[in-house]
Amino acid sequence: MEKDETVILAGATGYLGDYIAQELYQRSIQTIILARNTKKAAHLANSHTKIIKSEVTDSKTLHGYFEGVTTVISTVGITRQKDGLTYMDVDYQANKNLLQEAKKAGVKKFVYVSVLNGKQHRNLKIIEAKELFVDELIASGLNYTIIRPNGFFSDMKDFLNMAKKGKVYLFGSGEKKINPIHGKDLAIACVDSIRVSNEEINIGGPDILTQNEIAELALLASGKPINIIHIPHWIRKSILKLVRTFTSSKTYGPIEFFLTLMAEDAIAPRYGSNRLVTFFHDEMDVLKP
Ligand SMILES: NC(=O)c1ccc[n+]([C@@H]2O[C@H](COP(=O)([O-])OP(=O)(O)OC[C@H]3O[C@@H](n4cnc5c(N)ncnc54)[C@H](OP(=O)(O)O)[C@@H]3O)[C@@H](O)[C@H]2O)c1
């Protein structure tokens, strides 16, 4: 079946999208990567993979590439980009542009990566736009998969960055739990999901860890003594209020997301084999002279 697939992948220049491109190549699936910066995707070009320059936020640049495509996979979203665009411009509208082109060309399947517990957190700026797109995708009539992952290992680097300086700061007791997932494991699930019909898949990594445990792993990998500072929740709530009142959604979006999710458990069905402890040690090895 995979031999007959042609996939358009949007987001391949990002953390997860890069692993998805590699997974599609492993399975010999014909792939068209849409990227605004083709140099950033150049290492992914191969006998099965073409790189096309297009701006997903500008629907005119998408015409003509979707004929004969069977599946669109999108990991497009603002995480740390500072382009002056809003979540509605990118997470919602750019994905809607992809969906509209897919519909016009008769593409059968659309795989979209949102976030774990997105439905419960529609009030957060960063999630509102994603979930609005999820609504459109479900109503579109296309066969869909909504992937709802827990935090990525790439985001756990924030713990490592604090650990390298000798102290990890956490809000509250640090006993809230999470099972973050490696992009490589998640990419396998994303490509497998081409074969499932109209599903939402909650997914996390193999280890369910408290924030204190993640902080300890990061400090140990950095060769630093255990030094975790617990900041009371009233400070977290005050920061939330301040950033919501005095900054624009572009600034407060990621802060609001982080400060809200730090205060709750985030546990998804466990998947994959890559362990956070190995990831932290690998990251530290890369930094060694
Ligand atoms: N990080 C997490 O812990 C986590 C957890 C759950 C879900 N998610 C969601 O999963 C998705 C993928 O995450 P990721 O960590 O792989 O993100 P990432 O590394 O930031 O990659 C995002 C992709 O979206 C593209 N993009 C962003 N703004 C764009 C714009 N204005 N025009 C065109 N392309 C644009 C980026 O292109 P450029 O390279 O050109 O910027 C990149 O290819 C995101 O929607 C994220 O919110 C993330």
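A: Begin with the term polar contact: a pair of N or O atoms within 3.5 Å. Keep in mind that this model is predicted.

Q: Which atom of Gly11 lies 3.2 Å from an oxygen atom of the ligand?

A: A backbone N or O atom of Gly11 does. Side chains take part as well: an N or O atom in the side chain of Thr13 is 2.7 Å from a ligand oxygen, and a polar side-chain atom of Thr79 lies 2.3 Å from an oxygen atom of the ligand. The ligand taken alone exposes 900 Å², of which the protein buries 91%.

Q: Which residues come nearest to the ligand?

A: Thr13, Tyr15, Arg36, Lys40 and Thr79 come nearest, out of 25 residues around the ligand. By class, that shell has 10 nonpolar, 10 polar and 5 charged residues.

Q: At what angle do the axes of helix 4 and helix 9 cross?

A: Angles of 65 to 115 degrees count as roughly perpendicular. The axes of helix 4 (residues 125–139) and helix 9 (residues 249–261) cross at roughly 95° and come within 7 Å, so helix 4 is roughly perpendicular to helix 9.

Q: Which residues of helix 4 and helix 9 meet?

A: Lys125, Ile126 and Ile127 of helix 4 meet Ser249, Tyr252, Gly253, Pro254, Glu256 and Phe257 of helix 9. The residues of this contact divide into 5 nonpolar, 2 polar and 2 charged.

Methods. Residues numbered from 1 in each chain as written. Predicted model: local features only at pLDDT ≥ 70, side-chain atom pairs only at ≥ 80, totals over all residues. Heavy atoms only, no water. Axes fitted to C-alpha atoms, helices over the stretch in contact; angles between N-to-C directions. Helix = DSSP H or I, 4+ residues; strand = E, 2+ residues; numbered from the N terminus. Parallel < 35°, antiparallel > 145°, perpendicular 65-115°, else oblique. Contact = heavy atoms within 4.5 Å. Nonpolar A, V, L, I, M, F, W, Y, C, P; charged D, E, K, R; others polar. Near = heavy atom within 4 Å. Polar contact = N/O pair within 3.5 Å; in protein donor to acceptor, adjacent residues only side chain to side chain. Areas by Shrake-Rupley, 256 points an atom, 1.4 Å probe, with all protein chains shown as cover.
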